[in-house]
Amino acid sequence: MDADVIVVGAGPVGLLLAAELRLAGAEPLVLERLTEPSPLRRSRGIGPLAAEALRRRGLGERLTEHQPERGAQKAREHGSAKDHFAWIHKIDPQLQEEPDRRGVLIWQPDLEAVLGEHAAGLGVAVRRRHTVTGLSPGEDGATVTAGTPTGARRLRAAYVVGCDGGRSTVRKLAGFAFPGTPPLMTARQAHAEVADPGALPPPGRLPGGMLLHGPGGIGTFDFADAHERHEGPVTAEELRASVRRVAGVDVTFTRMDDALRFTDQARQAATYRLGRVLLAGDAAHVHSPNGGQGLNLGLMDAVNLGWKLAAEVRGTAPDGLLDTYTAERHPAGEAVLRNTRAQSALMLPGPHTDALRDIVADLMDIPDVNRYFGRLLSGLGTRYAFPYATPEAHPLTGAHCPDVTLSVAARPGREVPLSRLTTGGRPVLFAPAGGPAVAAAAGWRPGVEVVEVTAVDHPALGGALVRPDGAVAWACAPGEPPGTALLEAALRTWFGSPSSARISRQH
Ligand SMILES: Cc1cc2nc3c(=O)[nH]c(=O)nc-3n(C[C@H](O)[C@H](O)[C@H](O)COP(=O)(O)OP(=O)(O)OC[C@H]3O[C@@H](n4cnc5c(N)ncnc54)[C@H](O)[C@@H]3O)c2cc1C
């Protein structure tokens, strides 16, 4: 074996997955076809769940370095500081249920640099100029063939994970079904200077689609050529032709760079695992970038999969643990495909859609509806269905834990954010000091970090068992004596039997 897990693709999802595997005691090897990280500014930010996941690994400060200037830039380019659904900018951050749980604005190349350094700091090996072209999965592992400058190489691991983007080679070679819907539109955007900006109509909806422009940038959502197949870089002529179709005017670019093309085709792998091969990130799901949800989804795939796959290769995983990856993440992806399809429908040209947009815009003025849209796009409504969670389980079971502040019994007078206790990647149980939950978890120490607390600054939480991916596996309300049956069921489901002490840390 060359590694426990071969991760194909050193994009943001592959880098985070490799780091999570390493933190949980597995040996990943990342194969990437590019010589250097891509400079393309695709994503301009990540959602709240992904931001919290990265804070849990101590990356918070690096993420927020450029936040104020990026916020001002986005507001300028979008013409609004509010978030949008189908470019209806009405989602008010202040109206949301948990306004402090927000995403972070960081351009994708900057994010990849942060994740690359994080992975390197953990000792993750990334082999660039390795283009995966072949895959032979078997009973006890999989062999990958990669083209390199010195010829083809064969590498073997117990598992292979395709984090190789929307056109995933791994997905195709392994035979994953990828059902979904074809594109309604092709979108193009570029940093560009237009010689004759006065010729352009104001940004917004037009008979051919949608035109966006402002100082230094232009973009189209073009419904007229969605079924044309475009390959290669976007040329000035292609963008010019799209502006003509959408807005009916001819423009000349005096400068154009960072041009991107994307569609709103929406497809999702039917399962995220076929034996020894798994998928994560865009390799598992593609959809339009409207609402900026792709990375939130992909990075949460990575943190969900990392600790489970590491337990599997180390032989410590309880039965069925790895299959909970598809069970939990497929519905999360499905929800994003659904809302991005709805956004595409709301962007179709024509008077019928104009009328529908007016109605949706009016509805968004109702605070509960505004929160509904906010929840959709942030992913904060994600709830995993855990098999042991009875109707009596705490309502936050299966949700992702916010970064609560804990008053730790062993350090009187000091308040500790949960994210400071999770940098090593272990699950954490915080629970009332000296109480039954602490006693019940004793057999799972030190694999589970047990923190006795005197207070939690959250109105609904007195204690919680938080998995390495931030999911609340069990919780109790403040002031309520916690029953331990559900807690023990949660500990067994995720971490096996206490006697095996099977999740001791290796790093
Ligand atoms: C215009 C635009 C704007 C967006 N804005 C946002 C946003 O604001 N917020 C958000 O959350 N998301 C956004 N997204 C989506 C986001 O960019 C993607 O979801 C994200 O890049 C997915 O990351 P990934 O690691 O899964 O795949 P990728 O970033 O595509 O990385 C895949 C990696 O695999 C490598 N690779 C591919 N094939 C092979 C092979 N055969 N062998 C070896 N290596 C291979 C590639 O070179 C690449 O490095 C946007 C997308 C676009 C197009």
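Which residues in H8 meet Thr324, Tyr325 and Glu328 in H9? Hold that question for a moment.

First, the ground rules. This is a predicted model, where local features need pLDDT of at least 70, side-chain atom pairs count only at pLDDT 80 or more, and totals for chains, interfaces and linings use all residues. Residues are numbered from 1 along each chain as its sequence is written, and side-chain values use heavy atoms, leaving out hydrogens and water.

Now the overall picture. The protein has 13 helices and 26 strands. Helices here are DSSP runs of H or I with at least four residues, strands are runs of E with at least two, and both are numbered from the N terminus. The C-alpha atoms fill a box of roughly 70 × 60 × 35 Å along the principal axes. For 507 residues, a compact globule would have a radius of gyration near 23 Å; this protein has 24 Å, which agrees. That radius is taken over C-alpha atoms, and the globule rule is 2.2 Å times the number of residues to the power 0.38. Buried residues make up 53% of the 507. Buried means under 20% relative accessible area, exposed over 50%, and partly exposed in between, with a 1.4 Å probe and protein chains only. Of contacts between residues at least 6 apart in sequence, 70% join residues at least 24 apart. A contact means heavy atoms within 4.5 Å.

Back to the helices. On the H8 side, the residues are Leu297, Met300, Asp301, Asn304, Leu305 and Lys308. They meet Thr324, Tyr325, Glu328, Arg329, Ala332, Gly333 and Val336 in H9. By class, the contact residues divide into six nonpolar, three polar and four charged. Ala, Val, Leu, Ile, Met, Phe, Trp, Tyr, Cys and Pro count as nonpolar; Asp, Glu, Lys and Arg as charged; the others, Gly among them, as polar. How do the axes lie? H8 spans 294–314 and H9 spans 323–345; their axes come within 10 Å and cross at roughly 175°. That makes H8 roughly antiparallel to H9. The cut-offs: under 35 degrees is roughly parallel, over 145 roughly antiparallel, 65 to 115 roughly perpendicular, and the rest oblique. Axes are lines fitted to C-alpha atoms, for helices over the stretch in contact, with angles from 0 to 180 degrees between N-to-C directions.

Next, a sheet. Five strands form an open sheet, ordered S13-S14-S15-S12-S16, with antiparallel pairing. S13 (204–206) and S16 are the edge strands, each pairing on one side only. From one strand to the next, the twist averages 20°. Two strands pair if DSSP finds at least two bridges between them. Three bridges join S13 to S14, where Leu206 stands opposite Gly209. Helix H7, residues 236–247, lies across S12, S13, S14, S15 and S16, at about 60° to S15.

Thr254 sits in S16, residues 253–263. Is Thr254 buried or exposed? It is exposed, at 58% relative accessible area. Leaving aside residues up to four places away in sequence, Thr254 touches Glu193 and Ala195. Glu193 itself stands opposite Arg255 in S16.

Last stop: a hairpin. S4 (83–85) and S5 (88–91) run antiparallel, joined by three bridges. His84 has His89 as its bridge partner. Two residues lie between the strands, and Ala86 in the turn has a positive phi of about 55°.
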